[in-house]
Structure formats: C-alpha cells, structure tokens
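Have the structure open as you read.

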Amino acid sequence: MVFTFHKERPSSSPSDIKIKPDHDLETATISTDDVFGQISEDGPNYRNVGWLGTTVLLIKSQIGVGVLSVPSTLAVLGIVPGIICLWVISAIICWSDYVVGQFKRNHPSIYGIDDVGYLLFRGKIGRDVIAVMYWLFMTCVAASGLLGISIGLNAISSHGTCTAVFVAVATVVAFFMSCIQTLGKISWLGWVGLVSIMSALLTLTIAVGLEDRPATAPQGGDTWDKELVIFGNPSFTEAITAVSALVFAFTGTPAFFGIVSEMRDQRKYTQSMLLSQGFVTAVDTVVGVVVYYYCGQFVASPALGSAGGTLKKICYGLALPGLFVTAMMFTHLPAKFLFVRLLRGSKHLTSNSPKHYIIWYSCVAGCVLFSYIIASAIPVFDGIASLVGALFGTVLCIQLMAGMWLYDNWHRDPAGRNTLWKCLICWNIFVIGLGSFLMVAGTYGAVIDIKDSYAANQGAGAWSCRDNST
C-alpha cells in the first residue's frame, strides 16, 4: 500500500465552509458546517450529538456481533495467546481511533473515509476505491447482524419457520429503523442496543457458570471434559482466521468519521473514544474468558448459543434489540455516506424536499438489500466475521489510519523531529506492514474456512430453511 505525503489539501477537495466560532459548541446551535453546509430549522440538524451520545454510538458500533465470536477464537488460539492477541489488536485499533479524531480536526471537510482516500492517494481513483471498500465493509457487517437476528429468532421460536423467512423479516425491520435520518435521533437507540446486548452477555456469563454443562456438550454421563487450551496448537489457516475474527470484534472504526461529523463539539471526541475503547476491551476480555472457561471446546459461535434450553432463548431474546440496532447502524451509516456523496453541495442535502427523501430512502433500500443478499448467500457466522475482518477491516481500521498520521506528520518541521516523532514514524510503518499481512493471510484463511464449512455441511446452504441456531 503506497501513500503520498503532502501537506497541502488538493484544490478539488470538498468545499471548506467554516463552522462559526462559539464559546460552547456542546450547547450551541451550529448554522454552517464544512460537510453539511447550511443547517437550518427547515431541514434535519446533522450536528446534534453530544459527547455522551457519541460514546454510546461508538460502543455500539463495536459491541454487537463481533464480541459473540471472541470465545470461539480463544478455543482455537488458547486462552493466553488469544487474550494477548485481543489486547494487541485493541491497542492498535485504539491508536487508529485516536488518529481519526485528530485527522478530522486537521481536515474539517472530511466526512467519510473515502475523503481520506482522496487526500492520501491524491485523486479520484483513491477516493473511489476506498469508497467501495467502505460501503462493502459496512453492508457486510450489517449482513452479519441480519444473520445474527435470524439465529436469534430461530433459537427463540425453536425454528418456528424457514430461516430464509427470518432473514427477510430482519431485513424489513432494519430498513424501517435505518430510515431515521440523523444520528442525534438514533443515539437513544444506541442506549437500547447497548443495554440489550450487555444484558444478554451478562445473562450468558452467569448461565454458563451455573449450568452443569453447555448445550453442545455430551448430555449423558456424570463427567465431561472441557479440554481447556492454555496455549493452542492451531494450523496457520485456523490461527489467522481466529485473529481475523478478533479484528472484526473491533471494526467499528470506519463508522467513526460519520459519528464525529455529527457531534456538536468535536473537541470531545477523544474522551468519548477512550471511554468506548476501554469499555469494549473489558467486555470482550471478560465475556471471552468466562464463557470459554465454562464451555471449553464446546463453546458455540455465536457465543449466546452456549447457554442451553430456556436460557439460550432468554439470552437471544435479550440480545435481539441490540442485534437490530447493530443492523440498523451499519445500514444507516453507509446509506448516509451515499446520500451525502450524492447531494453534497446541493440545497437538497439539508432541506425537506421530495428529491431529498427519494434519494435518502433509495440509499437505505439499496444498502439493506445488498446486506440481505450477503446474509442469505453466506450463512456461516464465523466465515462472515473472519472474511470481513480480514479483507476490509484491516485496511479501513489499521493501514489507512497509520497512513493518515504519516500524511499529517511526515513533513513536520525539523525542530519537531524528536525521538517521539521517530518512534511514531516507525510504529505507523510497522502497523501498515502488520495490517497488510493480516489482510492477505486472513482473507486466505477465511475463504478456506467458508469452503470447508460448506464441504462438511456444517453451515446451512444459501437461502436455506435449515435451523442455523443449533
């Protein structure tokens, strides 16, 4: 991956409409914005998310379907290597998330990660390539949310109807939820989703500790062997696929540009980000270790399936609102991305005109329809998590963010080129190399894993009616 480091912003970059200065942006009404232009009472207010609402949205963008795959990755890698990999990936992603806020402050006209591609690669081709990758990534994450919802509905109803019907129902509900236009109005749903998924995870960790054995373990006999692995001995394909799933657990970063762009006071982004990253890392660690400790080799993926019988239904019942919010967020954000790109610079972007609504609803429909196709065509939960994490998550969450820091700091004044600067240069170059390795190797491992799943008939087929919750 080659970046061009240039201090000047290209003349054809997005228009620079300055935000009017204010002493307290957290409570002020912003009238103009570099991205959304003129903001008035005649249209939606796209700069109306407080720092607490931002924290919840950041947490919810990372806690959802990703955490449900963490226990199974520990079963592959072993507890010690698995936790080390989890923390290392978390640290790298935390750095990436920090760079997002700094880059947004330095380049206020940036809205989507495609604008970053324009600056780093100096042209339209860079923007378009990153735009396609971002859109595919977000809609594939939404697809994993739809798949998770279908698994939950199957578990609650004891496979009450065809799985393909459940995926379709999830798609329709996600469409209507995603049609809400501003993140300011969606932030309360972030609270609902966060409480939902945390309640399910708490219930799961208590359930696996109280139950005699997990649902997938042999139910006969007085004893059973969990076969806990402290240091795993996986093949290269198994190991890299597990690491890619851990990357997927932290791949909310591409959504952060869209979230910070709608903050009332973007200076408070860093505190929101640090709170969210610390919370997400703690939850992933605790849930992963506790569930794997009590389930061992019989841990299910998604992890909610590890609780058997009635408790499994309770866990999925609690998690469903959170899974719907995940599908909603990862449909809303790519739809908003298309919407802003199509109407940027036009009065229709922030006005309640027929063209405004026709384009908005069309963008939402297109995104959720694509996610439905992916969820139906690749109904293997671990496969989607690993493939998305490796193919798109590494580029959009690791390499690009390191490139962003180099873009802003490569030509630093000689007086500022101290030891810290040199260490950060080396760190970001290392991050780019590591991300590139994970992208290539992880994609290979994920494709092999999906192929093996179909060959062994472990997952349901495309548009299948089979129960995917067992």
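This is a predicted model: local features need pLDDT of at least 70, side-chain atom pairs count only at pLDDT 80 or more; totals for chains, interfaces and linings use all residues.

Cys-423 comes out as partly exposed, at 47% relative accessibility.

Then there's Cys-315, which has a relative accessible area of 0%, so it is buried.

## The disulfide

How many disulfides does a search of the whole structure find? It turns up one: Cys-162 is joined to Cys-465, with an S to S distance of 2.0 Å. The pair ties together distant parts of the chain, 303 residues apart. Cys-162 lies in the loop between H5 and helix H6 (163-178), while Cys-465 lies in the segment after helix H14 (419-455).

Is the bridge left-handed or right-handed? The torsion about the S-S bond is about -85°, so the disulfide is left-handed. As for accessibility, Cys-162 counts as buried at 16%, whereas Cys-465 is partly exposed at 43%.

## H4 against H5

Two packed helices are described by the angle between their axes and the distance between the axes. For helix H4 (residues 113-121) and helix H5 (residues 124-157), the angle is about 150° and the axes are 7 Å apart. The crossing of H4 and H5 is right-handed.

On the H4 side, the contact uses Ile-113, Asp-114, Asp-115, Gly-117, Tyr-118 and Phe-121. They meet Lys-124, Gly-126, Arg-127, Ile-130, Ala-131 and Tyr-134 in H5. By type, the residues of this contact split into six nonpolar, two polar and four charged.

Key
Residues are numbered from 1 along each chain as its sequence is written. Side-chain values use heavy atoms; hydrogens and water are left out. Axes are lines fitted to C-alpha atoms, for helices over the stretch in contact, and angles run from 0 to 180 degrees between N-to-C directions. Helices (H or I, at least four residues) and strands (E, at least two) are DSSP runs, numbered from the N terminus. A crossing is left-handed if the near helix is turned anticlockwise from the far one by less than a right angle, and right-handed if clockwise. Contact means heavy atoms within 4.5 Å. Ala, Val, Leu, Ile, Met, Phe, Trp, Tyr, Cys and Pro count as nonpolar, Asp, Glu, Lys and Arg as charged, and the others, Gly among them, as polar. A disulfide is a pair of cysteine sulfur atoms within 2.5 Å. Buried means under 20% relative accessible area, exposed over 50%, partly exposed in between (1.4 Å probe, protein chains only).
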